[in-house]
Amino acid sequence: MRKNSKESIVEAAVYLFNTKGFSGTSIRDIAAKAGVNPANIAYYFQNKKGLLEYCFTAYFENYLKELEKGYALLDEGAEVSLKKIVVNLLKYQSQNIQLTRFILRELTLDSQMVREVMSTYHVKERYYFKKVLERGMRTKEFRNHSVPYIILQLKSLLNTPFLNIHYVNEVLHILPHESYFVEKYSREIFQWIDSALRAPRSFDNRRILSV
């Protein structure tokens, strides 16, 4: 299916932001890569900053939707919910790897946009993780731990493959864009959940990965 000009602009921008950096990419660069007139970018996004804001918003709105799908399973158990969140988020990031890499890199910078993201989307994300972890500790599915510390560890596990692709490949011999990445890396995070969080009992991870 032929992409519309808006989709082409976003795709071109993300590619160029990744390869040349946001500051090193001009509107004309994006227009040339997308095969559109620079006026199209002004029409859809006003300017480069507007395009950046669109990328952030689109990424996190869809990211939170995937998180919420896993959170919706909380009544089936905290472990079911947490592991489904892991699978959903890894799948989303893997399917949108260029955008994911760019957004995660931008989040390491101290900018007004990053502070705004921290005060909106990250607050929502922490809320869902906190509710799942606290439910698991309350129901004795999980051992008692520092919830903020567990969230930091989990976020690191979820983000590292997309920030340090080559290092992860050296360690785990897998790349995030490969078809079996989500299943293989999910199992690695499941092992961490089982060892660091889960109270001793049996659990079948296959039912999470097969959903």
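Figure 1. K140 counts as exposed, since its relative accessibility comes to 59%, and exposed here means over 50%. This is a predicted model, so take every number in these legends as computed from it. The loop that carries K140 runs between helix 8 (121–138) and helix 9. The backbone is worth a look too: phi of K140 is near 70°, a positive value in a residue other than glycine.

**Figure 2. The whole chain, for orientation.** Before going further in, here's the overall layout. The protein chain has twelve helices and zero strands, and read along the sequence the pattern is α-α-α-α-α-α-α-α-α-α-α-α. Laid along the principal axes, the C-alpha atoms fill a box of roughly 60 × 35 × 30 Å. The chain has 211 residues, and 47% of them count as buried. As for contacts between residues at least 6 apart in sequence, 68% join residues at least 24 apart.

**Figure 3. Both ends of helix 3.** What does the side chain of N37 reach at the start of helix 3? A side-chain oxygen of N37 comes to within 2.8 Å of the backbone nitrogen of A39, and helix 3 itself covers residues 38–45. Just after helix 3 sits Q46, with a positive phi of about 75°. Q46 isn't a glycine, either: the positive value is found in a residue other than glycine. Q46 belongs to the loop between helix 3 and helix 4 (48–71). With a relative accessible area of 68%, Q46 is exposed.

**Figure 4. Helix 4 packed against helix 8.** Two packed helices are described by the angle between their axes and the distance between the axes. For helix 4 and helix 8, the angle is about 10° and the axes are 10 Å apart. Helix 4 and helix 8 are therefore roughly parallel to each other; angles under 35 degrees count that way. From helix 4, the contact is made by T57, F60, E61, Y63, L64, L67, E68 and Y71. Helix 8 brings Y121, H122, K124, E125, Y127, Y128, F129, K131 and V132 to the contact. Sorted by class, the residues of the contact of helix 4 with helix 8 come out as ten nonpolar, two polar and five charged.

**Figure 5. Zooming in on Y71.** Y71 lies in helix 4, and is one of the residues that helix 4 puts into the contact with helix 8. Which residues does Y71 touch, leaving aside its neighbours within four places in sequence? They are S81, I85, Y127, Y128, K131 and V132. Take K131 from that list: Y71 and K131 are 60 residues apart along the chain, yet their C-alpha atoms are separated by 8.8 Å.

**Figure 6. Helix 5 crossing helix 9.** Helix 5 (residues 78–95) and helix 9 (residues 147–163) have axes that come within 10 Å and cross at roughly 20°. That makes helix 5 roughly parallel to helix 9. Is the crossing of helix 5 and helix 9 left-handed or right-handed? It's right-handed. On the helix 5 side you'll find L82, V86, L89, L90, Q93 and S94, meeting L154, L158, N159 and F162 in helix 9. By class, the contact of helix 5 with helix 9 has seven nonpolar, three polar and no charged residues.

**Figure 7. S94, a buried serine in helix 5.** S94 lies in helix 5 and is buried, with a relative accessible area of 12%. Not counting residues up to four places away in sequence, S94 touches F162, P176, H177, F181 and V182. F162 in that list belongs to helix 9.

Figure 8. Helix 11 covers residues 181–196 and includes S186. S186 is buried, with a relative accessible area of 0%. A polar atom of the S186 side chain lies 2.6 Å from the backbone oxygen of V182. I193 also has its place in helix 11, and at 0% relative accessibility I193 counts as buried. What does I193 touch, not counting residues up to four places away in sequence? The list is L82, K83, V86 and R198. I193 and I97 make a contrasting pair for scale: the two are 96 residues apart along the chain, and their C-alpha atoms are separated by 24 Å.

Key. Residues numbered from 1 in each chain as written. Predicted model: local features only at pLDDT ≥ 70, side-chain atom pairs only at ≥ 80, totals over all residues. Heavy atoms only, no water. Polar contact = N/O pair within 3.5 Å; in protein donor to acceptor, adjacent residues only side chain to side chain. Helix = DSSP H or I, 4+ residues; strand = E, 2+ residues; numbered from the N terminus. Axes fitted to C-alpha atoms, helices over the stretch in contact; angles between N-to-C directions. Parallel < 35°, antiparallel > 145°, perpendicular 65-115°, else oblique. Left-handed = near helix turned anticlockwise from the far one by under 90°. Contact = heavy atoms within 4.5 Å. Nonpolar A, V, L, I, M, F, W, Y, C, P; charged D, E, K, R; others polar. Buried < 20%, exposed > 50% of the residue type's maximum accessible area, 1.4 Å probe, protein only.
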